Amino acid sequence: MRFGYGTNGFDNHRLDDALTVLADLGYDGVAITLDHHHLDPFAPGLAAEVARVAARLDRLGLDRVVETGARYLLNPWRKHRPTLFEDGRRVDLLKRAVAVAADLGAEAMSFWSGVPPQGMGDDEAWRRLQDACAEVVEEAGRRGVRLGFEPEPGMFVDTLERYLELRARLGGPEEFGLTLDIGHCRCLEPRPVPECVRAAAPYLVNVQIEDMRRGVHEHLEFGEGEIEFGPVLAALSDGGYGGLVSVELPRHSHAAVDVARRSLAFLRAHTPAGVP
């Protein structure tokens, strides 16, 4: 089991400093959220910066995935806007993220649907989302990048069932994998979390992990929610998942080092015997 930590939980750190801290703490990898202060995908000189960061990750021995959930990267006034239902700016961002992921040597690039504009019907929303995802899938195929689409509470695609419907609408492309957030399973899915993991296993390319409570989309430190993690980690192992399992605590940057240290200790302590 390889554990990572998301840089959206290190927003007060320079990226280089965050990577050093995570490597020194003993993490195996990092989930890098592209943002204005962490590998800005719109910054001049991006290719050279990506090459530099890739070399640094290699020196530190950190595996990596790319995340695209920055809150205000595209619009300083409205969080997570525009979405894939609105205009081409989100698709452009995701194509840029695919290129960054390819050049970083990332295991996956993760993204989600967003929320349709008010008044848009389901048929139109499905059409726009399918068309947008098809563009990203084409770019991912061209660059050899695996996509991890994340069901997100409150968004148009919020459950595993909706992910599978979108995947079917796209024709089941090999590049279109799944990012599974363990906390979201407890928050929203009707099945117990280990059952969600088993159902997701054939599609998994990326896993995010934190504690959460039923019906409340709040990312919590381990032990503050309702999830029993031993069976979850066992289910990931039994399902053959070999990718990163990255802690996702985007509201904990004020105490990033201590939270990251506690998180890794918890995950190691709750990894069942026999799980590699």
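Modeller: Axes are lines fitted to C-alpha atoms, for helices over the stretch in contact, and angles are taken between N-to-C directions. The model before us is predicted.

Biologist: At what angle do helix 1 and helix 2 pack, and how far apart are their axes?

Modeller: Helix 1 (residues 15-25) packs against helix 2 (residues 46-60) at about 15°, and the two axes are 10 Å apart. Angles under 35 degrees count as roughly parallel, so helix 1 is roughly parallel to helix 2. Their crossing is right-handed.

Biologist: Which residues make the contact between helix 1 and helix 2?

Modeller: Helix 1 contributes Leu15, Asp16, Leu19, Thr20 and Ala23, while helix 2 contributes Arg52, Val53, Arg56, Leu57 and Leu60. By class, this contact holds six nonpolar, one polar and three charged residues.

Biologist: How do helix 1 and helix 9 cross?

Modeller: The axes of helix 1 and helix 9 (residues 256-269) come within 10 Å and cross at roughly 35°. This crossing is right-handed. Val21, Leu22 and Leu25 of helix 1 meet Val257, Ala260, Arg261, Leu264 and Arg268 of helix 9. Six of these residues are nonpolar, none is polar and two are charged.

Biologist: What lines the largest pocket?

Modeller: The largest pocket holds about 630 Å³ of space. Its lining comprises 31 residues, with Gly69, Arg71, His80, Glu152 and His217 lying nearest the centre. Strand 4 (109-111) and strand 9 (216-220) are the elements that each give two or more residues to this lining, and strand 9 gives the most, with three.

Biologist: How many lining residues of the largest pocket are nonpolar, polar and charged?

Modeller: Seven are nonpolar, 12 are polar and 12 are charged.

Terms used. Residues are numbered from 1 along each chain as its sequence is written. This is a predicted model: local features need pLDDT of at least 70, side-chain atom pairs count only at pLDDT 80 or more; totals for chains, interfaces and linings use all residues. Side-chain values use heavy atoms; hydrogens and water are left out. Axes are lines fitted to C-alpha atoms, for helices over the stretch in contact, and angles run from 0 to 180 degrees between N-to-C directions. Helices (H or I, at least four residues) and strands (E, at least two) are DSSP runs, numbered from the N terminus. Angles under 35 degrees count as roughly parallel, over 145 as roughly antiparallel, 65 to 115 as roughly perpendicular and the rest as oblique. A crossing is left-handed if the near helix is turned anticlockwise from the far one by less than a right angle, and right-handed if clockwise. Contact means heavy atoms within 4.5 Å. Ala, Val, Leu, Ile, Met, Phe, Trp, Tyr, Cys and Pro count as nonpolar, Asp, Glu, Lys and Arg as charged, and the others, Gly among them, as polar. On a 1 Å grid over the protein atoms alone, a cavity is a set of points where a 1.4 Å probe fits but cannot get out, and a pocket is an open set with protein on both sides within 12 Å along at least five of seven lines; lining residues have an atom within 4 Å of a point. Grid points are joined across faces, edges and corners, and a volume is the space filled by probe spheres set on the points.
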